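Here's a quick tour of a protein model, put together for someone new to reading structures.

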Amino acid sequence: MAPAPAPQPAGEAIAREILRPGRRHPVVVVSQNRQFPEAVIDARSLERDLNGIAAVYVIDDTAAHGLPGRLPSQADVYGNAARVYEPRALADGRPPRFPPRVAFDRRSAWDAGGKAIDDARACAAPKDSPSAAGGPRTVDATVHGFLQGGQHALARTAEGSLATIDADRTVPGIPLDWYLSPGQRVTGKVLPGGQIDISSMLLGHRLSLVYPPGSTVLALARNVTAAAAELTLFPGTAWTVPAPDGIAAEGEVVCALYTHDRGAVRLSLTDAADEPTAEAPPLVADGPPWLVLGRSLHPSAPEPEGPAAEAAPPADPAGSTVPGTDGSSGPAPGPDEDPTAQDGVTDGPLPGSPEAGTGPARQQAQADPRPAAPGPAGARPGPAPLPRPGTVHVAPSAEDLEEGQTRLAAELRHVLQEGAELRRQLDIAQDEIRHLRAEAAGLRKKLKAQARAAAPRTGLFADPLDGLRHEIYTTWASYLGPFDKDRYPAPSGYSIGPELPGTLDALQDPADREKALETIVDLLVHRVERQRTMAIKPLLSTKRRQHQRWDGALAWRVRIENRTAAALRLHYWALPDGSVELWTVNSHDDYPRSTADSGPALLVG
């Protein structure tokens, strides 16, 4: 069991515990600055989740500033932050393995607490713990690149040997380049055939610590039908949710609204924002977020045609590709490197290497060293066979060497030309993919708006102001999820200017009206998730001064959409008593008629 957490010990006692020789459990130090309570990390949650794994100590910011005098350089933690000190940390003067997880607000406090838990779990078991008798040994390695679309990763161990990591042995069905990155350090068990198993590095996550309720998160869509989809927030979890046809594609990373209440997780595709407000968690310690918007398990790209297709490098019969020929970042071994020479890490040939074959073709090549018959015209010659023992090898003449160099130079020019053509076709294909993705995003926005607008809400009242008030209420009812309505009650205490119904009716696209009404709801209920994207700014006159009305009200504008031509904006008056008067919906370059005398407004109690 881990040592019991001490009740707010002083900085000196914490420093002694961090530096104590023989310590076998991680130490988590949580610094709390109570002047910024919204960014304080919940130490009780950390203690509960790390029970038996690590000791959690809480220190106030004043005492935390005294740690640098007791710990080596770059080993301190202060402000609102949490830091994990692994066993034998700082023993050789190096900084700790894990950086401070700093919090600035409530959302980043959730994130910092989750990362601290991941850090503590990653170093809970000593990396050099002895294996069971006869069991596989453990090695450290550095990821160099990826093969076969992320199905394999090439890594170099600390001893210098090359090894591979198999995606199906780690997280089946998920490419390794989704949760590993070049240069990342990994730890795994040595397997036969030059492989290492890093499945012990996989992290477990607690949703309530990873995502704040009401955030828009990333999910992987699986088993998509015309009416539903199965969403995965991290491997091993799945929730089936309604999905109107076309709103999600099989194997695609999509946005979903996450809510959590009494242990029940709720996800919604139609109520989610267009961009995530919370980052996906890593699957392994120190790894990147495993989900990125726009990523897909089934990427499609146009096949090259003509000479480019003929110039494509041939695939290995075993199904793997050679690093450097398929655009992967994995480096090939140097001429003086032997991938099988280091301490049995690669006690067999690497997958896809020439030495891996044992079939009849390899046996024939060993038995018959004569040169192979010439291939089709334009084929590149393979390496010349080595001489057999006991035979005489005649050195080529100077004329033969010069002729060979000329031929190789010509082939090199040809290969460079083919490479330039392939690069040009790849750029064209990537431009086309970006264009198609932008079109798909626009279509999905319209599908979301149509799914939310299940029934018409206009034309129900004789007075357009009464009808608009009802429309704002029904938008609030359908736009916010069931668990958000307690946090954001129905809009009240606002007024509607006489020009707002007409400017809304002038919008030709129903999706534009839906977006405008949603923005009105976000403004009136002060929805935190939308404050940054709404970009509320003063509405300025031509003299660069904010419009002010006769009663002291100030004009403001809110972003309804952006990155589109004539982007829509909502204009409103902020009254001296703190209430809001909704005024007009205009395009970015259109200013409303600003007069000292505004018409009568409908007050909504």
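There are 16 salt bridges here, where a salt bridge is a side-chain nitrogen of Lys or Arg within 4 Å of a carboxyl oxygen of Asp or Glu. This is a predicted model, so local features need pLDDT of at least 70 and side-chain atom pairs count only at pLDDT 80 or more, while totals for chains, interfaces and linings use all residues. Residues are numbered from 1 along each chain as its sequence is written, and side-chain values use heavy atoms, with hydrogens and water left out.

**Salt bridges**

- Arg20 pairs up with Glu17, and their closest N and O atoms are 3.1 Å apart.
- Arg20 counts as partly exposed because its relative accessibility is 38%, and Glu17 counts as buried at 15%. (Buried means under 20% relative accessible area, exposed means over 50%, and partly exposed is in between, using a 1.4 Å probe and protein chains only.)
- Arg423 forms a salt bridge with Asp427, with the closest N and O atoms 4.0 Å apart.
- Both of those residues, Arg423 and Asp427, sit in helix α9 (residues 398–452), four residues apart, or about one turn of the helix. (Helices are DSSP runs of H or I with at least four residues, strands are runs of E with at least two, and both are numbered from the N terminus.)
- Arg423 is partly exposed, with 48% relative accessibility, and Asp427 is partly exposed too, at 34%.

**Strand β1 and its sheet**

- Which strands make up the open sheet, and in what order? There are four, running β2-β1-β3-β4, and the pairing is mixed. (Two strands pair if DSSP finds at least two bridges between them.)
- The edges belong to β2 and β4 (101–102), each with a single partner strand, so one side of each has no neighbour in the sheet.
- β1 pairs with strand β2 (residues 55–60) in the parallel sense, over six bridges. Along this pairing, Val28 stands opposite Val56 and Val29 stands opposite Tyr57.
- With strand β3 (residues 81–85), β1 pairs in the antiparallel sense over five bridges. Here Val29 has Arg83 as its bridge partner.
- Is strand β1 (residues 27–32) largely enclosed or largely open? Six of its six residues are buried, so β1 is largely enclosed by the rest of the structure.
- Both faces of β1 are covered: Val27, Val29 and Ser31 are buried on one side, and Val28, Val30 and Gln32 are buried on the other.
- Together, β1, helix α2 (residues 43–49) and β2 make a right-handed β-α-β unit. (Right-handed means that, with the strands pointing away from the viewer, the path from the first strand over the helix to the second runs clockwise.)

**Nonpolar cores**

- The largest nonpolar core has 53 residues, and Tyr179, Leu180 and Trp290 have the most contacts inside it. (A nonpolar core is a set of buried Ala, Val, Leu, Ile, Met, Phe, Trp, Tyr and Cys residues joined through side-chain atoms within 4.5 Å.)
- Strand β13 (residues 253–261) gives the most to this core, with six residues.
- Leu180 touches Val143, Phe146, Ile165, Val186, Ile198, Val284 and Pro288, leaving aside residues up to four places away in sequence. (Contact means heavy atoms within 4.5 Å.)
- A second, separate core has 28 residues, among them Leu468, Tyr488, Leu500 and Val525.

**A closer look at Ala221**

- Ala221 is found in strand β10 (residues 215–222), and with a relative accessible area of 0% it is buried.
- In sequence, Ala221 and Gly251 are 30 residues apart, yet from C-alpha to C-alpha they are 5.3 Å apart in space.
- Not counting residues up to four places away in sequence, Ala221 touches Glu230, Leu231, Ala248, Ala249, Glu250, Gly251 and Glu252.

**The whole chain**

- The protein chain's secondary structure comes to 13 helices and 20 strands.
- Of its 605 residues, 40% count as buried.
- Among contacts between residues at least 6 apart in sequence, 62% join residues at least 24 apart.
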